[in-house]
Amino acid sequence: MGKILISVGGQLASSAVALILAALILPRFSLGFGGFITAVIVFTIAQLLLEGFVRKLANKHTPALAGAASLVSTWLALVIANLPSGGIRIHGLLTWIVAAVLVWAITGLCAAASTKYVTKKAL
């Protein structure tokens, strides 16, 4: 149970860091202060649910693209978090592409770092 809570907490934290950095770096990516918590929760839940589905779909139909499943799930999670109640506003095709890659890379780095440093020391 402790490992699951640490994992979920790490995922929420990495999502928060990724969304904040994307909002600071990308001029057409805005993160409303009031919607920040909602955006982090919506994004994290969507990404967790979509990644397994997209990975399974990719493995079944195009195994060569299975590695891109987390990038696609990140983009889909951004789409869901961009809905009216999500707290994120993304404008422009280029911003969508860069935001998906940036958030995907940051959450991946945070996940790798938390696995290496936080999870092993906590348990």
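Predicted model: local features only at pLDDT ≥ 70, side-chain atom pairs only at ≥ 80, totals over all residues.

**First stop: helix α3.** Select residues 69-81, which form helix α3. This helix has 13 residues and reaches 18 Å from its first C-alpha to its last, close to the 18 Å expected at 1.5 Å a residue. Next, colour A69, S70, S73, T74, A77, L78 and A81, the buried residues of α3. An α-helix has 3.6 residues a turn, so residues three or four places apart point the same way.

**Second stop: L76.** Remain in helix α3 and select L76. Is L76 buried or partly exposed? L76 counts as partly exposed, because its relative accessibility is 26%. Beyond residues up to four places away in sequence, L76 touches L50 and V54. Now draw a C-alpha to C-alpha distance from L76 to A100: the two lie 24 residues apart in sequence and 8.8 Å apart in space.

Select L19, F29, F43, L78 and I88, the residues with the most contacts inside the largest nonpolar core, which has 24 residues. At least two residues of this core come from each of α1, β1, α2, α3, β2 and α4. Then centre the view on L19; neighbours up to four places away in sequence aside, L19 touches F29, L31, A39, V40, F43, L78, I88 and V103.

**Last stop: T44.** Move to helix α2 and select T44. T44 counts as buried because its relative accessibility is 2%. Apart from neighbours within four places in sequence, T44 is in contact with Q11, L12 and S15.

Methods: Residues numbered from 1 in each chain as written. Heavy atoms only, no water. Helix = DSSP H or I, 4+ residues; strand = E, 2+ residues; numbered from the N terminus. Expected span 1.5 Å × (residues − 1). Buried < 20%, exposed > 50% of the residue type's maximum accessible area, 1.4 Å probe, protein only. Core = buried A, V, L, I, M, F, W, Y, C linked by side-chain atoms within 4.5 Å. Contact = heavy atoms within 4.5 Å.
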